[in-house]
Amino acid sequence: QAVINRIAAGEIIQRPANALKELIENSLDAGSTQIQILIKEGGLKLLQIQDNGHGIHKEDMGIVCERFTTSKLKKFEDLSQIATYGFRGEALASISHIAHVTITTKTKDAQCAFRASYSDGKLAPPRPGASADPKPCAGNDGTQITAEDLFYNVPTRRRALKSASDEYNRILDVVSRYAVHNSTVSFTCRKQGSSTADVQTSSTSNITDTIRQIYGSSVASELLHVEKEFPPLDFKMNASFSNANYHVKRTTFLLFINHRLVESTNIKRAIENVYTSLLPKGSYPFVYLSLEISPRNVDVNVHPTKREVHFLNEEKIVDSIASTLQEQLEGSNF
Ligand code: ADP
Ligand code: MG
């Protein structure tokens with residue numbers, strides 16, 4: 001059974017950046033306004049995330065890494081959210097099957113923090129012979145989760161990965177995207193041993209400032225913004241995108257659907273087509289797009305590892321997005 005769980009976990013979490021994405025989402029779900037990430041060897045040796053969210057109650061610490069344990073399905077209508085948020089309660093469980101996990105957490109009402117270690121979905125003694133029970137310790141409000149030696153027991157998965165620096169770049173990319181989408185949250189990400197952060201955002205009320213902090217002022221100074229609702233199609237869009245003066249050699253496309261980082265080849269292609277007619281040859285856009293689509297209309301069959309999504313009325317929605325951007329681009333003076 002342990003081997004089966006481990007294989008299943010290795011399918012859900014394919015690389016350090018996937019694990020980190022889940023941990024960031026948990027921190028955001030906990031209402032955090034500050035998220036600090038520390039990485040060693042591209043996340044294979046160490047992935048650590050510290051947040052200032054609502055924390056985990058001591059009584060729940062024994063079960064948080066069990067499969068299907070979630071505190072996020074309180075209301076019946078939340079069940080429809082499974083569609084967009086994938087398989088509930090599987091992330092921490094999966095990570096604990098393929099890494100050594102330690103959680104230190106403090107809720108506001110608790111006198112002190114508690115720390116516990118996990119292995120294969122269950123509490124585990126931090127050292128042979130020690131007790132597995134959560135131990136009181138010092139700590140701030142919020143949660144720190146450490147995953148060490150990722151894939152230590154899945155050598156095939158580990159061998160399939162690229163270099164530590166490649167994995168680290170994927171991590172920085174995920175952090176950057178979540179930081180843009182959550183501009184009121186401050187993010188830092190750095191390598192262990194380095195005093196300078198490779199991603200650092202302050203909490204701003206303004207997405208342009210966050211984009212400037214991450215992607216630089218050349219992108220931020222060329223942005224157009226649009227927010228629009230499409231009641232007949234039951235969706236909302238919010239976009240910040242470069243105007244036709246922007247010259248880079250590669251498309252940067254950040255897509256969130258219902259606050260989850262996803263990919264859609266159809267949307268990306270339609271947007272690229274809009275720009276092709278407006279940008280000089282060899283120049284590419286920066287586009288951040290956030291969609292809110294009724295969870296009922298998002299493909300329920302998407303597997304957590306498959307970031308590519310599909311939704312009802314896809315063609316019409318894609319057309320609406322593309323023509324909205326086109327209007328804005330054509331209407332702006334550059
Ligand atoms: P899910 O997010 O789908 O509920 P996870 O396996 O990602 O499942 O997390 C399991 C549970 O652990 C969450 O429902 C939440 O109660 C708790 N949890 C995980 N991370 C945090 C965090 N950073 N702060 C507070 N609670 C957390
Ligand atoms: Mg989660």
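How many residues surround ligand 1, and which are the closest? In this predicted model, 21 residues surround ligand 1, and the closest are Asn26, Ala30, Thr70, Ser71 and Ala91. A residue belongs to this shell if its C-beta atom, placed from the backbone, lies within 6 Å of the ligand.

## Basis of the model

Residues are numbered from 1 along each chain as its sequence is written, while chains are lettered from A and ligands numbered from 1 in the order in which they are written. The model is predicted: local features need pLDDT of at least 70, side-chain atom pairs count only at pLDDT 80 or more, and totals for chains, interfaces and linings use all residues.

The protein chain is assigned domain 1 (2-200) and domain 2 (216-331), with bounds that come from an automatic or database domain assignment. The C-alpha centres of domain 1 and domain 2 are 29 Å apart.

## Ligand shell

Helix 2 (16-29) and helix 4 (91-98) are the elements that give two or more residues to the shell around ligand 1. Helices (H or I, at least four residues) and strands (E, at least two) are DSSP runs, numbered from the N terminus.

By class, the shell around ligand 1 holds six nonpolar, ten polar and five charged residues. Here Ala, Val, Leu, Ile, Met, Phe, Trp, Tyr, Cys and Pro count as nonpolar, Asp, Glu, Lys and Arg as charged, and the others, Gly among them, as polar.

## Helix 2

Helix 2 has 14 residues and reaches 20 Å from its first C-alpha to its last, close to the expected 20 Å at 1.5 Å a residue. The expected span is 1.5 Å times one less than the number of residues. Just after helix 2, glycine 31 takes a positive phi of about 80°.

Eleven of the 14 residues of helix 2 are buried, so the helix is largely enclosed by the rest of the structure. A residue is buried if 20 or more other C-beta atoms lie within 10 Å of its own, exposed if 12 or fewer, and partly exposed in between, with C-beta atoms placed from the backbone.

Strand 3 (residues 100-106) is mostly covered, with five of its seven residues buried. Strand 7 is also mostly covered: five of its seven residues are buried. Strand 3 and strand 7 (residues 142-148) run antiparallel and are joined by seven bridges; two strands pair if DSSP finds at least two bridges between them. Histidine 100 has glutamate 148 as its bridge partner in strand 7, and valine 101 stands opposite alanine 147.

Strand 2 also runs antiparallel to strand 7, over five bridges. Leucine 47 stands opposite alanine 147 in strand 7. A hairpin of six residues joins strand 3 to strand 4.

Five strands form an open sheet with mixed pairing, in the order 10-11-14-12-13. Its edge strands, strand 10 (223-230) and strand 13, each pair on one side only. Strand 12 (residues 252-257) and strand 13 run antiparallel and are joined by two bridges, and isoleucine 257 has arginine 260 as its bridge partner in strand 13.

Asparagine 258 lies in the loop between strand 12 and strand 13. Asparagine 258 has a positive phi of about 50° although it is not a glycine, and with 17 C-beta neighbours inside 10 Å it counts as partly exposed. Aspartate 234 lies in the loop between strand 10 and strand 11 (235-242). Phi of aspartate 234 is near 60°, a positive value in a residue other than glycine, and aspartate 234 is partly exposed, with 16 other C-beta atoms within 10 Å.

Glutamate 330 is in helix 10 (residues 314-331) and counts as exposed, with 11 C-beta neighbours inside 10 Å. The C-alpha atoms of glutamate 330 and alanine 244 are separated by 9.0 Å, although these residues are 86 residues apart along the chain.
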